[in-house]
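Grab a pencil and open the viewer. Here are a couple of exercises on sheet layout and helix packing, each with a worked solution.

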Amino acid sequence: MTTVSPTPDTTPLTSTITSPQAEAPAPPPAMRLRELAFGAAIAAAVRTAARLRVADALDETPASAAELALVVDTQPAPLRRLLRALCCYGIFSETPDGKFTHTEMSRLLREDDPHSLRYISLWCTEPWTWDVWPHLEDAVRSGTSVFPEVFGKGFFEYLHQDGGESAQVFNRAMTTSSVQSAQDVAELLDLTGVSSVADIGGGQGHVLASLLEKHASVQGTLLDLPGVVARADARLRDGGALADRVRIVPGDCREEIPVGADLYVIKNILEWDDESTRRTLRNVVEAARPGARVVIIENLVDDTPSMRFTTAMDLLLLLNVGGAKHTRESLVGRLSEAGLRVGEVRPVNAYLHAFECLVP
């Protein structure tokens with residue numbers, strides 16, 4: 001990077017800022033509540049760092065705010081203020097001579113990191129989110145989505161008609177999340193005795209592709225909305241490495257599931273609202289033969305290390321579509337109500353659980 005003359009605001013932060021978790025005592029309750037009340041500030045700081053690609057600009061060599069500002073096209077002094085705030089939360093770290101280095105969290109904002117959360121960070125802080133959060137009181141009182149009242153139309157209608165860049169961020173975030181969890185799912189599921197797998201509402205089919213790559217004798221079907229499966233994983237489309245073992249079916253699982261399989265996988269689609277959850281599960285039971293396996297994979301708002309993230313997403317679901325993240329109890333209730341026989345519940349990773357079920 002090109003080095004420029006330091007700006008006046010170059011006094012190094014204290015070592016407490018450099019390594020807050022290791023050296024600073026926990027703040028007292030009153031200060032912690034103040035910090036939480038200012039939570040929007042750190043969310044905005046994470047979003048700004050992601051949009052400016054600060055993490056991409058910083059390599060393995062410590063760099064000053066002035067050096068980074070040249071790369072990301074900002075003013076040095078406010079960039080340093082941004083980095084100072086992020087360092088307080090372990091996102092970047094400052095050296096005693098006033099330069100900045102990566103931390104485990106800041107690397108996750110790099111687009112080239114295999115576990116990148118850049119697009120997830122952008123999705124959670126998209127412009128529409130700032131418009132609906134102030135209406136959380138209304139949603140808690142009514143128990144329904146506030147999105148139509150705020151924007152004049154439903155969430156997905158808005159996203160695809162008016163969302164513009166936000167729709168692209170949503171697609172990238174969902175793809176990133178699916179790709180990262182697909183291998184975990186493939187490692188978890190035992191496909192002994194399974195000759196066919198159906199990925200229901202499976203998006204672009206990353207989970208299905210990972211399963212088929214691991215199990216060479218298994219056939220697969222991907223079912224999702226026409227516009228979604230049109231962008232299916234290249235491995236599944238014509239000419240792809242797995243294409244001869246895959247059937248791609250455009251359709252809405254809430255309306256019909258015209259697919260027979262030994263194993264049905266349903267991941268992260270039972271959270272929008274109770275009625276669509278009931279219809280989807282009913283359709284699976286009607287389509288499946290007796291004895292077929294159904295594996296439901298969801299985030300839970302209890303008994304998980306991701307409790308803070310998942311409960312926040314639960315509130316955002318309430319705001320935008322009137323949906324909810326499940327507890328273990330509520331999901332078992334929905335599955336049993338649909339007629340499925342619920343068996344073992346196992347963690348997939350730190351934020352997903354798999355519910356093993358059988359069609360009676």
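This is a predicted model: local features need pLDDT of at least 70, side-chain atom pairs count only at pLDDT 80 or more; totals for chains, interfaces and linings use all residues.

**Exercise 1.** Work out the order of the strands in the open sheet, and find which are the edge strands.

*Solution.* 
- Start with the order: seven strands line up as β5-β4-β3-β6-β7-β9-β8, with mixed pairing.
- Now look at the ends. β5 (246-250) and β8 (341-347) each pair on one side only, and that marks them as the edge strands.
- For the twist, go from one strand to the next: the average is 20 degrees.

**Exercise 2.** Describe how β8 pairs with β9, and which helix lies across these strands.

*Solution.* 
- Take the pairing to begin with: β8 and β9 (residues 353-358) run in the antiparallel sense, joined over five bridges.
- Pick out a facing pair: V345 sits opposite F355 in β9.

**Exercise 3.** Classify the crossing of α6 and α7, then sort the residues of their contact by type.

*Solution.* 
- Get the geometry: the axes of α6 (residues 65-72) and α7 (residues 76-87) come within 9 Å and cross at roughly 105 degrees.
- Angles of 65 to 115 degrees count as roughly perpendicular, so α6 is roughly perpendicular to α7.
- List the partners: α6 brings A65, A66, L68, A69 and V72, while α7 brings P76, L79, R80 and L83.
- Sort them: the contact has eight nonpolar residues, no polar ones and one charged.

Conventions:
Residues are numbered from 1 along each chain as its sequence is written. Side-chain values use heavy atoms; hydrogens and water are left out. Two strands pair if DSSP finds at least two bridges between them. Helices (H or I, at least four residues) and strands (E, at least two) are DSSP runs, numbered from the N terminus. Axes are lines fitted to C-alpha atoms, for helices over the stretch in contact, and angles run from 0 to 180 degrees between N-to-C directions. Contact means heavy atoms within 4.5 Å. Angles under 35 degrees count as roughly parallel, over 145 as roughly antiparallel, 65 to 115 as roughly perpendicular and the rest as oblique. Ala, Val, Leu, Ile, Met, Phe, Trp, Tyr, Cys and Pro count as nonpolar, Asp, Glu, Lys and Arg as charged, and the others, Gly among them, as polar.
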